[in-house]
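This briefing goes through contacts between parts of a structure. Have the sequence and the 3D view at hand while reading.

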Amino acid sequence: MPQGEFFNPEFETMNRAQIEALQLERLKKTVEHCYNGSKFYKQRLDSVGVKPEDIKSLDDLKRIPFTTKQDLRDTYPFGMASVPLSQCTRLHSSSGTTGNPTVILHTQKDLEQWANAVARCLWMVGCRPDDVFQNTSGYGMFTGGLGFQYGAELLGMLTVPAAAGNTMRQLKFFTDFGTTVVHAIPSYASRIYEIMCEKGIDPRRDTKLRTLVIGAEPHSEDTRRRIEEMLGVKAYNSFGMSEMCGPGVAFECKEQNGLHIWEDYYIVEIVDPDTLEPVPDGTIGELVLTTINREAMPLLRYRTRDLTRILPGKCPCGREHIRLDRMKGRSDDMIILKGVNIFPIQIETILMQFKELASDYLITLETLEDNDAMTVEVELRDMFIDDYAALQRLEKEITRQLHDEILITPKVRLVPKGSLPKSEGKAVRVKDLRKKF
Amino acid sequence: MTVQQLSIFIENKSGTLVKVLQILKQAGIQLIASTIADTAEYGICRIICSEPARAYQMLKDAGVAVSLCEVFAIELNDEPGKAADAIELFAREGISIAYLYSFLLGGKGVLIFRTDNAERAREVILANKLSYIEEKDLSKFQ
């Protein structure tokens, strides 16, 4: 039962010793469950000679090998499940058709726990049952949709699954339904404000907006402050990823100084991405997470590839669950644009199917009028035809196929051969000029 | 009836045209006519020149996106209205002109153009006994 500022007071107010005792108990259970339920993990643990009973302290976690996204791909679709499929009630899968996607399975209890984590986050920033929550996230496979939907409903808010796009309709809902809390990616929050200005809507005067939840897209403190100023709201940073259910993994409290990660759900490690050795608290490294509150598909020491650090010191809010700094980037080449995860190889695969194109390309990410945008420049192999219309048709077709693959519409530019920068050895394929960090 | 034309893909950026023209200069290729239409980001530079086959190879070797194609070249007296009369013949047959440019050669006007139907355009030229030039006619003037 919620109490004061806490949705799960029992867990949220634990001190370090209590948190760590609970983590050890749950880790032991999880390892045993994986070992007995998942062929993949049995092999993994056997390969390093670790049996579930060997896990006697949190430190023993280090004896378990890392799990990677490649492991998820290799075991696609159901190879990593720790329960029979008949016990699963939901599946989320990554986008993209290049190579195997990844699948995350959930039991009913997993979904309940996920909703609980999201509700806990939203309660923490002041959401209450008399709030109206509007979710502008894409639904379907994108976990920001259903993830927030179930969490907001569990908290007891009137929840509007407005989904992505159609800004005019979003604005109508704001005013007609008295929306007080909105979940949006940062670039869309800016977009909403632009349209409000065009339509003469003053967010402070004409809406009841109070709280904004932003995430799924790298953004700077400046961006957050600007969005708060524009919309007259408090904006809180949300962190999640589909491998860890989705949203609800870590969330800012009212202090807006770091994201509390729920340590009754996850064991956090920060490692050097090259040596894979732990880095001291406060040092930036790759976030590695072990799920300790999941049935269908627990992940042991999952390399998120997100770079961050643990903020030292105690948070004035009273929660002792550690705080992560806002994400500092990636230790692989994954691009996060408008909440969509994109690997350059997906773009490359599409481009290379066009015989008219040479093999060099450059992906540029920029913030244009507060909107993050992608431009794909690609070299024309040859003047295959002496005709503007044909060049335009080619651009259009490349754009369409890229959109089908990455779900984002990039601007495609044909450039002459030899005009893109080439670096020694591995060519630079991605230029990120976005305002962030 | 046709001459060879180089079509070069050029980025709309300062210096890119110079690079192409320098290559032709160094090879001793003479320009006879050229045209560039611009769009926001790129253009196609079309060139009629001496030794088009060699020019094409030079550009290709330099990594320039270039094609060599045949375009119609008809000759007109350098008088008002001649172009209108000639083009009308094609319009009447429902043949569209994709692009067209002109230049003077030995006191005569030359129209260079591409149509959406080369075969029918050829018939129109022959049926109306339009005067035309060939690749070899260009070399006379160099």
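In chain A, nine residues of domain 1 are in contact with 11 residues of domain 2. On the domain 1 side of chain A, the residues that touch domain 2 are seven polar and two charged, with no nonpolar ones. The model is a predicted one.

**Domains of chain A**
- The domain assignment places domain 1 of chain A at residues 1–332 and domain 2 at residues 340–432.
- Taken over C-alpha atoms, the centres of domain 1 and domain 2 of chain A are separated by 32 Å.

**Two helices in chain A**
- Two packed helices are described by the distance between their axes and the angle between them.
- Helix 11 (residues 344–351) and helix 12 (residues 388–406) of chain A have axes that come within 10 Å and cross at roughly 145 degrees.
- The crossing of helix 11 of chain A with helix 12 of chain A is right-handed.
- Helix 11 of chain A contributes A:Gln346, A:Ile347, A:Ile350 and A:Leu351 to the contact.
- Helix 12 of chain A contributes A:Ile398, A:Gln401, A:Leu402, A:Glu405 and A:Ile406.
- By class, this contact between helix 11 and helix 12 of chain A has six nonpolar, two polar and one charged residues.

**Chain A with chain B**
- The contact takes 14 residues from chain A and 17 residues from chain B.
- On the chain B side, strand 1 (2–11), strand 3 (42–49) and strand 4 (66–77) each supply at least two residues.
- Strand 1 of chain B gives the largest share of that side, five residues.
- The side of chain B that touches chain A has 10 nonpolar, five polar and two charged residues.

How values were computed: Residues are numbered from 1 along each chain as its sequence is written. Chains are lettered from A and ligands numbered from 1 in the order in which they are written. This is a predicted model: local features need pLDDT of at least 70, side-chain atom pairs count only at pLDDT 80 or more; totals for chains, interfaces and linings use all residues. Domain bounds come from an automatic or database domain assignment. Two residues are in contact if their C-beta atoms, placed from the backbone, lie within 7 Å. Ala, Val, Leu, Ile, Met, Phe, Trp, Tyr, Cys and Pro count as nonpolar, Asp, Glu, Lys and Arg as charged, and the others, Gly among them, as polar. Axes are lines fitted to C-alpha atoms, for helices over the stretch in contact, and angles run from 0 to 180 degrees between N-to-C directions. Helices (H or I, at least four residues) and strands (E, at least two) are DSSP runs, numbered from the N terminus. A crossing is left-handed if the near helix is turned anticlockwise from the far one by less than a right angle, and right-handed if clockwise.
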